[in-house]
Amino acid sequence: MNKKKISDFLTNYGVIMIMIILVLYTGLTSQNFFTANNFKNILLNMSFRLVIALGISGCIITAGCDLSAGRMIGFAACIAGTLLQRADYSGKFALFANMDPLNPLVAMVIVMLVCGFFGAITGFFIAYLSVPPFIATMAMMEVIYGIALIYTGATPLGGYTKDYTGFSSGTFLGISYLIWIALLVAAITWFIFNMTRHGKYMYAIGGNPQAAEVAGVPVKLTLVLIYMKAAMMYALAGFMIGAKSGGASVNTGLGYEMEAIAACTIGGVSVSGGRGKVSSAFIGVAVFELLKTALQYLGVDSNAQYISLGIVIFIAISLDIRKYVAKK
């Protein structure tokens, strides 16, 4: 029993334990790692990544995935950018050259609605036409990228209003607005997952979609809503990234979907479906962000960091599949 408990513990928390050891080693051997400013930066970088992970976690819990997340983020960031450029900016987006910048909150709602529409289309193909999530989201990834290229002319955007960039620089109780947004999204997501029928339906579909349908769960509608909700979260993340960076391009958010999937899996969201919590996404994002920061402080080549992150993804997914096989 002791050996089994140890084996289960290492399977469930082995990757996290390794990350904690790496972080402790980095903090003890590198200056300025264990500082308030460093952890503020980590939390700021975690904010939009947590929103992405929370969006994609719903797809994973239903044993699906969403490869369109990264391109959706870039598309949203570009839409927000074109709506929130200063009126006197010399490189103002031609289509809105004579339009005053919108209120940032109005722009945020617009990008969420636009991306939510495309997310609903993805969900429709998955739910009603039985297209595998991998294929449907990959197709949407290409569609969104093409639309973003046409919309922007592949031109980077900048010259944002202070009201927009203020979402990154502004604070409330000493905490960045972006962090507050992420916490609010996490709270809303927790409520949806745990206190609503939609959340119960989501877990039921992930556990056994055929049994869920027999039990009266509106499987198709629920799947459409899940992918629509996920796309709206990607849009919010794109809005946040644009505010933080002060600019955007069609490649903003490229590859973020893989980080989000890995973070969810590290935290405990099962790729086999039916299992995962909001805390799982939070833990996974925190571990992933700490890993990247630790590698930077240890002087690991920026290109080699991708290898390290890839290895972590391999290990996390492999351990999750092992748990699923052991249960069967």
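This note covers the salt bridges of the structure and the surroundings of one threonine.

1. The model is predicted: local features need pLDDT of at least 70, side-chain atom pairs count only at pLDDT 80 or more, and totals for chains, interfaces and linings use all residues. Residues are numbered from 1 along each chain as its sequence is written, and side-chain values use heavy atoms, with hydrogens and water left out.

2. The structure holds six salt bridges (a side-chain nitrogen of Lys or Arg within 4 Å of a carboxyl oxygen of Asp or Glu). One of them joins the side chains of Arg49 and Glu289 at 3.6 Å, N to O. This pair links distant parts of the chain, with Arg49 in helix α2 (residues 36-61) and Glu289 in helix α12 (residues 278-297), 240 residues apart. Helices are DSSP runs of H or I, at least four residues, numbered from the N terminus.

3. Glu289 also forms a salt bridge with Lys292, at 3.4 Å, N to O. Both residues lie in helix α12, three residues apart, about one turn of the helix. Salt bridges that share partners join Arg49, Glu259, Glu289 and Lys292 into one network.

4. Lys292 is buried at 9% relative accessible area, and Glu289 is buried at 5% (buried means under 20%, exposed over 50%, partly exposed in between, with a 1.4 Å probe and protein chains only).

5. Arg86 and Asp88 form another salt bridge, at 3.4 Å, N to O. Arg86 is partly exposed at 35% relative accessibility, and Asp88 is exposed at 65%.

6. Thr82, in helix α3 (residues 69-83), is buried, with a relative accessible area of 0%. Leaving aside neighbours within four places in sequence, Thr82 is in contact with Phe93, Phe96, Tyr151 and Leu157 (heavy atoms within 4.5 Å).

Terms used. Helices (H or I, at least four residues) and strands (E, at least two) are DSSP runs, numbered from the N terminus.
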